Every structure is written in structure tokens, then in C-alpha cells.
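Please have the structure open as you read.

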Amino acid sequence: MWGTRRGASGVEMDMTEMIQPTGSGVGAFVNGIDLADSLSDNMVGELRNALGEHGVLFFRDQNISPEAHMTFAEKFAPINVNRFIAHVDGYPKITQVLKEPGQKKNIGGGWHTDHTYDTEPAMGSILLARETPKHGGDTMYASTCRAYETLSDSFRKTLDGLKATHSSRHVFGPQARYVQKGEDTAGRLGNNEAATQDSVHPLVITHPISGKKSIYVNPGFTTGIEGWNDAEAEPFLKILYDHIAKPEHTYRFQWAPGSIAFWDNRATWHYAVNDYHGERRLMHRITIEGEALAA
């Protein structure tokens with residue numbers, strides 16, 4: 001899969017040495033690349049393949065400008081401007097994921113994958129750490145592809161042909177919990193009237209890059225199974241949720257300023273751990289467009 005590629009400095013780099021799997025259930029570290037440099041089309045292609053294979057790519061010491069952040073993202077797909085989360089001042093294409101010392105709630109504090117409520121869900125997100133707490137603030141990732149592989153053959157057959165429903169309304173709309181309960185994410189989240197998105201996707205998709213099968217439901221945005229009532233769908237989905245979140249399918253990433261996680265929403269879940277009360281955590285996130293998904 002991997003060949004030898006010439007970096008921006010002109011030095012030949014062995015991609016097998018640059019891509020190092022975490023050794024856990026999901027993800028790989030990418031070494032020897034400065035994302036502030038111009039990446040060749042071949043390098044972008046190798047990174048795209050690695051993203052499909054591993055689900056999430058981790059980079060260290062990438063103290064890049066907002067402009068470089070956007071340039072890197074646009075190598076893969078057009079940028080999706082988030083409807084509901086505040087943007088970085090002067091950069092509407094960059095979402096600001098912030099928790100101040102006096103705030104209790106964080107953004108993304110539960111297992112989910114982004115934009116499943118869209119008819120063409122986002123391909124992925126590129127999250128850059130700007131300020132991190134002294135301790136805590138990790139993000140957990142889970143592989144929905146690996147989770148599918150570890151199901152029994154009989155259970156996989158049960159999933160064939162099923163479709164799941166997804167919505168943005170209960171998370172971001174006027175009836176969202178944070179609005180009704182006055183939680184302190186108000187101001188960081190908003191534009192409630194725009195939360196009108198509903199979609200239906202195969203419960204198991206074929207990943208557009210890797211060709212692997214992936215379980216495409218999540219506790220954040222999935223609302224049910226098409227043609228099933230709630231009493232049938234809820235316990236069935238819980239079985240899938242519990243299975244995907246098993247430790248052997250997951251990896252916990254520790255942030256530092258300049259760290260980047262580039263995840264594929266079609267192959268992973270993520271969970272921002274909220275264990276750093278009294279400290280500031282500032283992240284810049286760019287989400288990139290995807291495509292319609294198929295079984």
C-alpha cells in the first residue's frame with residue numbers, strides 16, 4: 001500500500017515508517033510531515049488511503065496558521081461551514097470548540113459521529129488543539145468498521161437491508177436539551193431554527209475509501225430504525241452502541257498544543273472527555289464535505 005514519497009524538503013520518506021498504527025482498535029500516527037508545507041497530490045492520496053484504513057490520523061507539533069489549516073483541509077474536499085457551533089473570529093470556515101474555566105458543559109461530550117443528519121454526510125473533521133488543559137481533555141475514538149468485523153455472521157445478516165433515521169433537531173433545535181435546561185453551551189451553540197435536517201441511511205454502509213463495511217448509527221443523532229417502532233429499535237440500537245464502544249474498538253488520544261486529529265465520520269465515533277473543569281480548552285475544527293452513502 002505504501003511507497004516512498006518525497007517530502008517538502010526533498011528528502012525521500014518511506015510511508016510505511018511515517019504511518020504508525022496506534023496498536024489499539026482505531027487510528028494511526030503520521031510522522032515526518034509538516035502540514036504548513038505544500039503537500040503533493042501523491043502525498044494527499046496516501047493520507048486519504050491511510051484515513052480510510054485507520055479511521056483517524058493523528059499528527060503532533062503542527063503549529064499551523066488558520067490559513068494553512070484551511071489549505072490542508074481543502075486538499076481533501078470542500079469545507080462544510082458548520083450551522084450550529086460558533087466560528088473563529090474572522091474565519092467562518094473554522095469552528096471554535098471552546099470550554100472556558102467557569103463553564104461546566106463541553107461540546108461533543110458523548111459518543112457520536114458528525115453530520116449523520118445530512119443527506120450527504122460530512123466526510124470528516126480536522127481538529128487542531130490551540131490551548132489544552134494541564135490534565136485531561138482527551139478525545140476517545142471508536143472504529144465502526146472494526147466493530148462490524150467483530151460481530152457474529154448471524155448478527156451481521158440481521159443488519160442487512162436495515163436503514164436508520166437521523167436528525168439534528170433534538171440536539172441543536174429549539175427543543176434541544178441545552179436550550180430547555182439553560183445549559184452553559186448556549187452562546188457556543190446556536191442558530192436553533194436551522195436545525196431542520198432529517199435523513200435516512202443504510203444501517204451498514206460500504207466505506208467510500210476503504211470498501212470496508214461500517215455500522216452507521218450513533219447515540220448522538222440516530223433516532224430510530226426505519227419501519228420499526230421505538231420499543232423495537234431502542235434496545236436493538238443499544239446493543240450496537242455498546243458493542244461499538246467496547247475497549248478493543250477504541251483509542252484515547254491525549255492532546256497537546258499543535259496536535260491534530262483528522263477523523264473519518266463514516267468509519268469512526270468520537271467522544272470529548274469532560275474532565276478538566278476549571279481549565280481552558282480551545283480547539284479549531286474544520287469539517288469537510290462528503291457524499292451520499294450506500295450499503
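Which residues line the largest cavity? They are Val97, Leu98, Lys99, Asn106, Ile107, Tyr276 and Arg281. Please keep in mind that this is a predicted model, in which local features need pLDDT of at least 70, side-chain atom pairs count only at pLDDT 80 or more, and totals for chains, interfaces and linings use all residues. Residues are numbered from 1 along each chain as its sequence is written, and side-chain values use heavy atoms, with hydrogens and water left out.

**The cavity**

- Rolling a probe the size of a water molecule over the atoms shows where empty space is left.
- On a 1 Å grid over the protein atoms alone, a cavity is a set of points where a 1.4 Å probe fits but cannot get out, a pocket is an open set with protein on both sides within 12 Å along at least five of seven lines, and lining residues have an atom within 4 Å of a point.
- Searching the whole structure turns up one cavity of 30 Å³ or more, and the largest cavity holds about 30 Å³ of space; a volume is the space filled by probe spheres set on the grid points, which are joined across faces, edges and corners.
- Strand E8 (residues 91-99) gives the most to this lining, with three residues; strands (E, at least two residues) and helices (H or I, at least four) are DSSP runs, numbered from the N terminus.
- The cavity lining has four nonpolar, one polar and two charged residues, where Ala, Val, Leu, Ile, Met, Phe, Trp, Tyr, Cys and Pro count as nonpolar, Asp, Glu, Lys and Arg as charged, and the others, Gly among them, as polar.

- The largest pocket has a volume of about 750 Å³, and 34 residues line it, with Asn106, Ile107, Gly108, Gly109 and Val171 nearest its centre.
- Helix H6 (169-172) gives the most to the lining of the largest pocket, with three residues.
- By class, the lining of the largest pocket has 15 nonpolar, 13 polar and six charged residues.
- The second largest pocket has a volume of about 190 Å³; among its 17 lining residues, Gly25, Glu53, His54, Ser143 and Lys212 lie nearest the centre.
- Helix H2 (41-54) and helix H4 (144-149) are the elements that give two or more residues to the lining of the second largest pocket.

**Two buried loop residues**

- His249 sits in the loop between helix H8 (230-244) and strand E16 (250-253).
- At 1% relative accessibility, His249 counts as buried, a term for under 20% relative accessible area with a 1.4 Å probe and protein chains only (exposed is over 50%, partly exposed in between).
- A polar atom of the His249 side chain lies 3.4 Å from the backbone oxygen of Ile244.
- Beyond neighbours within four places in sequence, the contacts of His249 (heavy atoms within 4.5 Å) include Gly25, Tyr141 and Ser143.
- Ala267 is in the loop between E17 and E18 and, at 2% relative accessibility, is buried too.
- Leaving aside neighbours within four places in sequence, Ala267 has contacts including Ser143, Cys145 and His207.

**An enclosed strand**

- Strand E9 (residues 124-131) is largely enclosed by the rest of the structure, because six of its eight residues are buried.
- E9 runs antiparallel to strand E17 (residues 260-264), joined by five bridges, and Leu128 has Ile260 as its bridge partner in E17; two strands pair if DSSP finds at least two bridges between them.
- E9 also runs antiparallel to E19, with seven bridges, and the partner of Leu127 there is Arg285.

Technical notes
Polar contact = N/O pair within 3.5 Å; in protein donor to acceptor, adjacent residues only side chain to side chain.
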